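Trainee: I have a model open and some terms to check. Can we go through them one by one?

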Amino acid sequence: MSLLSNGKLKSFVQEYDILLMFAAFLVAITAITGGSWLSVGNIVNVVSRVAVLGILSIAQCAVILSGQMDLSVSSCLALFCSIYSVVFLGGYGIVVALTISSVAILLIGLVNGMFASRTTIPAFVVTLGTMMIAHSMHLYVLKVARYLPQIQNAIYEFMKPIPKGGELFAVFIWIAVFLVVSFMLSSTRFGRYVYAVGGNEKVSFYTGVPVRKIKFLVYMLSSALVCVASFVFLYKFANIAPGTGEWYLLDTIAAPIIGGVYLFGGRGKLWKAVMGALFLEILINFLRLVGVDPYIFSAIKGTIIAIGVIVSILLTPSYLRTRTR
Amino acid sequence: MELRRSCSKLKPGQVAISNLTPLNPFLFLMILLSAHRIFRAKDFLLKHNLIIALAILVSLMIVLFPEFLFSKGILLSFFHMCTILGILVIGQSIVLIIGGIDLSNGSIVGLASILGAWVALSHGVSIILVVTFLACVSLGTLSGLLITRASFPPLIATLVSMSIAEGLTLTVTGGAPLALNNDALSWFGVANVGGVPVYSMIWIGIVISLYVVLSKTVFGRHLYAVGGSERTSFVCGVDTSRIKMMAYMISAVLAWLGGLIYVCYTASGCPRAGGFLYMLDSISASVIGGLSLYGGRGNILDATLGTMFFALLYMMVIFLNISPVLDAAFRGILLLVVVLYAFMKEKRKS
């Protein structure tokens with residue numbers, strides 16, 4: 001009773017709502033599937049699958065925390081994979097392939113960052129443009145290369161010697177990325193500036209925060225993380241095809257929202273975005289196990305985003321609620 | 001020196017009387033007049049930049065490809081490119097005017113097309129209008145409700161209805177396109193009067209009527225008011241929720257119409273008919289047409305000019321034989337250039 005009267009329980013629920021929902025969800029699906037969900041193989045599969053989405057949503061979460069949005073992450077992933085495979089197949093070795101494809105992605109991040117820091121154009125319009133450019137370039141690279149099956153085979157051959165437990169390598173990279181970025185956001189000056197810019201840009205400008213620089217750096221961070229995610233993607237799936245990675249676009253935005261990160265920046269924790277990604281991926285895995293028509297997944301995800309936003313609006317204290325676009 | 005400095009600060013309509021020296025009034029007057037002339041020309045260029053760009057583009061097309069002038073097929077395809085996009089642009093413009101954004105219109109085109117074809121095949125053509133209309137308008141209503149009742153940001157609310165539309169679209173036929181064999185629908189898709197398709201006339205009719213509604217009626221003024229400042233218009237007694245709701249519903253209805261025209265033109269329903277590209281293009285064309293992404297500014301006629309500009313640019317891409325794979329990059333670059341241009345213009349004004 002004292003918990004309730006102090007409002008501690010409420011604030012606890014507000015802080016850890018995603019964790020509670022996640023726990024309830026896990027119990028529910030374990031009960032529904034009768035424990036078949038809990039098999040070691042399935043869990044390893046899900047967790048290593050979610051690594052790519054996890055890294056991408058960490059990138060997206062950092063951008064969202066600074067009050068912006070990056071719609072280009074998924075297309076950049078496709079562009080990275082295609083450039084990497086084509087250069088690698090050209091016989092130039094891993095280092096050259098990694099360098100060239102990373103440079104291409106960082107260039108797109110540069111364009112995003114320049115627009116975000118020099119103009120007041122809404123971030124989602126700019127990144128929508130760069131998304132289309134990256135998508136088209138990805139198709140063009142694959143078209144010019146003209147040897148898709150060879151690419152697929154070569155990637156497969158290259159990735160095959162990975163030992164049995166190698167799947168978990170992706171998870172380790174994911175955890176490492178999470179630790180590094182979460183340290184950056186919570187314990188460095190850069191991180192505090194990101195929260196400040198996302199919370200109130202004008203005030204942080206007047207108090208001397210280098211707003212432009214932070215906005216720029218956040219997009220560069222996002223691009224760098226996309227490079228890591230793409231490498232993990234190639235490692236895990238050993239596959240590149242036209243349209244690869246398109247499906248991540250909605251998920252990367254959905255994951256932070258479901259986790260309860262405030263969409264207009266300044267509030268939210270990185271681990272919540274990661275939990276959101278896990279939640280989403282486990283939900284999809286569960287739907288597959290139960291045998292739901294995969295074509296309806298998109299609608300289900302949309303509904304979940306809606307519920308997530310409603311919950312986060314309900315849980316936001318009224319003095320923090322602002323009407324923003 | 002003094003004089004020149006004072007003249008350079010002049011703005012149109014502003015007379016710097018304090019700097020008028022009695023020694024050289026004549027010289028001053030001349031400079032003032034010429035400056036005024038220059039400003040006027042610049043004003044004219046800025047105000048009608050879209051028409052000028054259109055004229056340049058058309059003349060460029062005629063110089064490069066003389067057959068552009070005479071071919072009926074080219075006129076037909078020009079109108080075809082304009083129509084569906086143009087109808088979506090009107091809806092997007094209305095949503096942009098109230099300060100929102102609609103990401104779902106492209107997906108609603110896809111839903112209307114596949115649902116229309118499916119209903120026409122399984123239950124006959126007669127109820128196609130009712131069923132597709134209900135499905136599409138309920139999606140628009142959903143975005144409107146989420147925005148007005150649950151205070152969702154428009155971006156997320158329309159993203160939600162977009163993903164629901166995508167899911168339904170794929171579920172109806174399991175992702176497969178449907179071919180139609182119906183004379184009435186096909187007639188509507190190909191009938192034309194002197195190179196102007198019948199469905200394009202619907203588009204032109206909508207443009208004119210909605211232009212009148214937006215500029216001459218109370219509802220239209222309320223749309224601009226809500227876009228200009230939602231709080232102020234609420235305080236002044238405008239039912240802002242109703243206005244916003246209406247805007248999203250109109251956008252959905254227009255997207256529905258676009259989807260049906262797609263069904264008639266291709267005599268098939270395709271889950272990939274709409275989607276991302278239409279949505280992107282509708283935003284870019286509206287912004288080219290001078291609509292502000294922050295709401296409260298612009299009109300439908302200019303947005304329609306923007307659509308025509310867009311369609312002409314695409315025809316040019318096709319004529320120049322640029323790879324279709326690069327099409328999306330072209331659109332993306334165009335979007336960036338356009339928003340950058342609009343931003344520069346705003347900056348110069350303020």
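Mentor: Start with helix α14 of chain B, residues 300-319. This is a predicted model. At 1.5 Å a residue, the 20 residues of α14(B) should span 28 Å.

Trainee: What makes a residue of α14(B) count as buried?

Mentor: The cut-off is 20 or more other C-beta atoms within 10 Å of its own. Ile300(B), Ala303(B), Phe309(B) and Leu312(B) are among the buried residues of α14(B).

Trainee: Which helices do the buried residues of α14(B) pack against?

Mentor: They pack against α3 (49-64), α4 (72-97), α9 (198-216) and α13 (276-288) of chain B.

Trainee: How are α4(B) and α14(B) arranged?

Mentor: They pack at about 140°, with axes 9 Å apart. Their crossing is right-handed. The residues that meet include Phe78(B) and Leu85(B) in α4(B), and Thr304(B) and Tyr314(B) in α14(B).

Trainee: Which residues have the most contacts inside the largest nonpolar core?

Mentor: Ile55(A), Ile58(A), Ala62(A), Val226(A) and Val232(A), in a core of 189 residues. Its largest share, 17 residues, comes from helix α4 (residues 73-118) of chain A.

Trainee: Where is confidence lowest in chain A, and where is it highest?

Mentor: Lowest in helix α1 (residues 2-6) of chain A, at a mean of 51. Highest in helix α8 (residues 189-199) of chain A, at 93. Chain A averages a pLDDT of 84.

Notes: Residues numbered from 1 in each chain as written. Chains lettered and ligands numbered in written order. Predicted model: local features only at pLDDT ≥ 70, side-chain atom pairs only at ≥ 80, totals over all residues. Helix = DSSP H or I, 4+ residues; strand = E, 2+ residues; numbered from the N terminus. Expected span 1.5 Å × (residues − 1). Buried ≥ 20, exposed ≤ 12 C-beta atoms within 10 Å, placed from the backbone. Contact = placed C-beta atoms within 7 Å. Core = buried A, V, L, I, M, F, W, Y, C linked by C-beta atoms within 7 Å. pLDDT = per-residue confidence, 0-100. Axes fitted to C-alpha atoms, helices over the stretch in contact; angles between N-to-C directions. Left-handed = near helix turned anticlockwise from the far one by under 90°.
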